[in-house]
Structures are given as C-alpha cells and as structure tokens.
Amino acid sequence: MFDFIEKLKKSQINGWMIGIFKKPAPASPDESDRQMLARVARQFFWLFLALLFFEDLLDFAIEIMHSVFEILHLLIEFIEGYVEEILEHLLHTDHHQSETIIVNAVLLIGLYGLYRFVRAFPHIVRRLKRNCSAAWLKYRRRRLAYWRALLPEQKIKLTAAYLAGLSLLLFWLTI
C-alpha cells in the first residue's frame with residue numbers, strides 16, 4: 001500500500017535530505033573529523049533555519065494553539081448543548097434554569113479543581129525543579145566526559161568548527 005515510501009527512502013535524490021533530517025548520533029570521541037564537522041554543521045543549519053523563520057514559526061505555533069482552543073470550545077459547546085437537552089427533558093426545566101444548573105455545576109467542578117491544583121502546586125514545583133536539575137547535571141556530565149575524552153587536536157577542531165559557525169551566524173545576523 002505504501003510502497004512509494006520505501007522507494008523514496010531508497011532513491012538517490014532523497015539521500016541528501018536524509019543527512020539533514022536524520023537524528024544525530026550522540027557525540028563520541030572516536031568519531032571522525034568529517035562526522036564531527038557534519039554534526040556541527042547540522043546543528044548550525046537548524047539554528048539558522050530557526051532564526052530565519054522565527055516569526056513564521058511563532059505565527060504557526062500561535063495558529064495551532066488558536067485551532068486547538070477553537071476545537072476545544074466547539075467540543076464544550078457540543079457537550080453543553082447535550083447536557084442542556086437532557087436536563088430540560090429529565091427535570092422539565094426551561095432554557096434559563098438548565099443554563100443556571102450547568103453554570104453552577106461547572107463552577108463547583110472548577111473550584112474543586114483549583115483547590116486540588118493549589119494543594120498540589122508546591123509538590124509539582126519541587127518535582128519539576130528536581131527533574132530539571134537532574135537533567136542539567138546529566139547533560140553537563142555527559143558533555144564534560146565527551147570533552148575530556150577528546151584528543152587536543154580534536155578539541156581544537158571542535159572549537160574552531162563552533163567558532164566558525166557562530167561567526168558565520170553572527171555575520172548573517174548583522175547584514
């Protein structure tokens with residue numbers, strides 16, 4: 001059914017795109033200079049694209065959030081309409097009375113949810129701080145171990161690659 005995907009993956013035309021979009025392997029001290037330069041170039045390529053299309057990406061994210069909220073609003077209206085019909089049928093109420101019942105029920109549920117959130121907020125913040133600091137320490141240890149495992153020539157080449165990429169990026173930004 002989806003044979004064209006396999007053909008696209010095997011095609012020579014698509015080969016350069018795979019190099020750009022593939023997930024980079026974790027940096028290892030035994031990678032070749034070419035692999036290291038390709039990894040650094042890929043990082044600066046994505047940074048360049050993010051800076052180049054920043055406003056468009058921001059607009060796209062805002063549009064997605066707007067669409068999600070619009071769909072959520074329609075879903076809530078749909079559910080409210082059905083609940084209102086059920087209340088009018090079961091309790092023999094008019095439109096205003098069923099709206100009042102729904103608003104009061106939603107307020108009670110919302111206040112209870114707010115109460116539970118306020119009670120859980122300190123625990124959530126502590127867990128978030130702990131997870132963030134653990135992730136940061138893990139990242140720092142991994143990068144420090146990688147840096148220590150590099151040979152001095154590799155350290156110079158890696159530093160030069162990042163400086164070259166940064167200078168090209170700054171040159172592009174100042175034009």
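User: What covers the buried residues of helix 6, and what makes a residue buried?

Analyst: The cover includes helix 3 (33–52) and helix 5 (95–149); helices here are DSSP runs of H or I with at least four residues, numbered from the N terminus. Buried means under 20% relative accessible area, exposed over 50%, and partly exposed in between, with a 1.4 Å probe and protein chains only. In helix 6, Gln154, Leu158, Ala161, Gly165 and Leu169 are buried. This is a predicted model, in which local features need pLDDT of at least 70. Residues are numbered from 1 along each chain.

User: Why is helix 4 called oblique to helix 5?

Analyst: Helix 4 (residues 54–91) and helix 5 pack at about 120°, their axes 9 Å apart. Angles under 35 degrees count as roughly parallel, over 145 as roughly antiparallel, 65 to 115 as roughly perpendicular and the rest as oblique. Helix 4 is therefore oblique to helix 5.

User: Which residues of helix 4 and helix 5 make the contact?

Analyst: With contact meaning heavy atoms within 4.5 Å, helix 4 contributes Glu80, Val83, Glu84, Leu87, Glu88 and Leu91. From helix 5 come His95, Ser98, Glu99, Ile101 and Ile102.

User: How do you know that histidine 92 is exposed?

Analyst: Its relative accessibility is 69%, so histidine 92 counts as exposed. Histidine 92 is found in the loop between helix 4 and helix 5, and has a positive phi of about 55° although it is not a glycine.

Key:
Predicted model: local features only at pLDDT ≥ 70, side-chain atom pairs only at ≥ 80, totals over all residues. Heavy atoms only, no water. Helix = DSSP H or I, 4+ residues; strand = E, 2+ residues; numbered from the N terminus. Axes fitted to C-alpha atoms, helices over the stretch in contact; angles between N-to-C directions.
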